[in-house]
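Reader: Could you walk me through this structure slowly, as I am still new to reading such models?

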Amino acid sequence: MKAIAYTRNLPASDEQALIDIELPTPEPGPRDLRVRVHAISVNPVDVKIRNNRKPQDGKPEVIGWDAAGVVETVGEQVSLFKPGDRVWYAGALNRPGANSEQHLVDERLVGHMPDTLDFAQAAALPLTAITAWELLFDRLRVLDNLRPSQDAILVVGAAGGVGSILVQLARQLTGLTIIATASRPETQAWAKALGAHHVIDHSQPLAAQLAATGHAEVRYIAGLTQTDQHFAELVKAIAPQGALALIDDPAAIDVRQLKAKSASLHWEFMFARSMFQTPDMAAQHELLEQVARLIDAGRLKTTLGEHYGQINAANLRRAHAFIESGRARGKIVLEGF
């Protein structure tokens, strides 16, 4: 089968950074689906792994953790899917990724694809939808004791992949006032169109901008990008007894600054359930099913931002380079081998 892999940690501009290869067709384990991949999307985690994780013994490493496709065959213990089902998923970080024609994934991490989306539109969503859902409802627990008329969430980096679906989920499923940050006119318009009540510029001090929205302090903060650069402003912005959830990898932050406000800090890493085989691993299957129903009901929409054409090494290198530029709006998708 065709696949795209890397053998050395090289810049995306290098023609050897990602290469086209052939691999044997994998055989499913007891709870695995073997999926024929129709479309994939690219996430910052792909870039981080390509840059930092060394392949074992120089063997090609296949990455990619967002896919939509069709189930070809199933393992002997599979109960949630059958051959022919259209599916979407992000998969597991400690298994080969989905940048291949056929891919193995545990059924507990997979959802049935929305009926109203095509493969490219669907591939844009799984990893970011899982991340946003877990951040809002498992980490921040925004529905516990929510005061819809008073409480607000600040979404830092709202025009990126996670922010684009998080804003929609918060608007559709909670009563929160959503204050999004974006620094360019086109990304500010994007965040507003997705449902943000207010959009402010994270390249400028936040305090005065937040005050102008009527929320000088916010109960919840989703820190999706450059948390180390914004942390001092976030400490000022968070309300006493508020909660801050992060998904990025800040170089250094002094969490003691949150102590005076008794504010809590939460990490969201959507691969934790699969990596540690937690008892609630199937929660990712369940939430993808719920997101699919919301999409088919017209309450959520795809966050596809750019379609980069066919799935091959050259187009993937181009996608990785654009992710590294920090200028992506929504998700980059590739389709077909």
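**Span and sheet**

Author: The end C-alpha atoms of residues 12-334 lie 16 Å apart, and the span is 31% helix and 24% strand, where helices (H or I, at least four residues) and strands (E, at least two) are DSSP runs numbered from the N terminus. This is a predicted model, in which local features need pLDDT of at least 70, side-chain atom pairs count only at pLDDT 80 or more, and totals for chains, interfaces and linings use all residues. Residues are numbered from 1 along each chain as its sequence is written, and side-chain values use heavy atoms, with hydrogens and water left out.

Reader: What does UniProt list for residues 12-334?

Author: The unreviewed UniProt entry lists them as "domain: Enoyl reductase (ER)", although such annotations may be inferred rather than shown by experiment.

Reader: Okay, and in what order do the three strands of the open sheet come?

Author: The order is β2-β1-β4, with antiparallel pairing; two strands pair if DSSP finds at least two bridges between them. Because β2 (19-22) and β4 (61-62) each have a single partner strand, they stand at the edges, and one side of each is left without a neighbour in the sheet.

Reader: Which residue in β4 does A5 stand opposite?

Author: A5 stands opposite V62, and β1 (residues 2-6) pairs with β4 over two bridges.

Reader: Switching topic, where is M275 placed, and how exposed is it?

Author: M275 is in helix α8 (residues 272-275), and its relative accessible area of 32% makes M275 partly exposed, a class lying between buried (under 20%) and exposed (over 50%), using a 1.4 Å probe and protein chains only.
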